[in-house]
Amino acid sequence: MKDLKYICAYTIPVMALIGLWLQDIFTFLTPIYAFGFIPVVELFTPSSKQNLNEEERLSKNKKKLFDWLLYLNLPIVYGLLFLTLHICTTTQLETYEIVGIVISTGIVFGTNGINVGHELGHRFTKERYIGKALLLPSLYMHFYVEHNFGHHQKVGTTEDPATAKYNQLVYFFWITSAIGQYFSAWKIQTLLLKKNKLSFFSIKNDMLWYLLITISYLTIVYFTFGFFGLQVALFSGIVGFLLLETINYIEHYGLVRKKTSSGRYERVKEIHSWNSNHTLGRVLLYELTRHSDHHHRASKKYQILDHHDQSPQLPFGYPTSMVLALIPPLWFLIMNKHVPREMKDIAQNPA
């Protein structure tokens, strides 16, 4: 039964579906649940530093149940996308109801879409295609290239757009990270093509494929649901990737890697990502909150990620931390004293 705890991750799309069904003020049920109810409950739920023993790790690593719990998000996300577009374009709704639906659908795109796509994107098997499909509704297919071949190598450095600087506002980070990651993905793709002596129009140009697929997706939405449907899809996607960027913000805020005497950065360690052992956030986000171990060994599946004592610990779980990040004065007041002094000095006095 413990293995089925990750079913709780489906409660977020369930809230969105209830909102679509009941409409009215209930269209805001998802953000209220995700960023109101869960943070409050999280304050009263335990956290656990316990790691699996070797026997448990081997057993859980082989269980296909954990994989299917991820795969099921594909029909959930696309089913919700269709319902959202259908209801918004065939039902007489008030403006506030449409806003609530867009926010709710976008949250699902971020949690059950990009987050799961991120997990599957680290698996260099056919599973990664499911991961890429889950990135599409948020218009973030380029994330696969940039995250795997950019962020994991450059995290904690000034070269990484997805690492939030000390005292950087989350709203400014949204802009720099979203734009920076897109251009970084193209740069990485260009280098990969040159390395393999391939032309820009090669079938191996993934970024070109992602661009064509995204345009095709938006075109299909336009001709099926009209211009208003296209607007709903676009704004829902924006909410989805802004949720991702808020998570990116809290995952590495103020953490930097030192340069060695050779001028290169030290290797990525467990100290370069914020960790959270708060149980509710761990379950809802498929252990994304054990982010330190994920960066330590990106190929590890979510169900076997470990806690590391040397990792900096968030004082709250991810849902609560995301709410705090949206209130910069409160975020800085709480988080700045948790940033390791050595990293704070590097951030304030760069070489």
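1. Let me start with residues 65–86, where the span is 95% helix and 0% strand and the end C-alpha atoms lie 32 Å apart. Please keep in mind that this is a predicted model.

2. UniProt, in an unreviewed entry, lists residues 65–86 as a "transmembrane region", along with 28–45, 98–117, 169–186, 207–234 and 316–334. One of these, residues 169–186, is 94% helix and 0% strand in the model, with 26 Å between its end C-alpha atoms.

3. The unreviewed UniProt entry also places "domain: Fatty acid desaturase" at residues 102–306. That span is 61% helix and 0% strand, and its end C-alpha atoms are 35 Å apart.

4. Now for the backbone angles. Most residues other than glycine have a negative phi. Asp24 has a positive phi, near 55°, and is not a glycine. Where does Asp24 sit? Its place is in the loop between helix 1 (11–22) and helix 2 (29–42).

5. You will find Lys197 in the loop between helix 9 (170–195) and helix 10 (206–252). Is Lys197 buried or exposed? Its relative accessible area is 78%, and the cut-off for exposed is over 50%, so Lys197 is exposed.

Note on methods. Residues are numbered from 1 along each chain as its sequence is written. This is a predicted model: local features need pLDDT of at least 70, side-chain atom pairs count only at pLDDT 80 or more; totals for chains, interfaces and linings use all residues. Side-chain values use heavy atoms; hydrogens and water are left out. Helices (H or I, at least four residues) and strands (E, at least two) are DSSP runs, numbered from the N terminus. Buried means under 20% relative accessible area, exposed over 50%, partly exposed in between (1.4 Å probe, protein chains only). UniProt positions are given in the numbering used here, feature names are shortened, and annotations may be inferred rather than shown by experiment.
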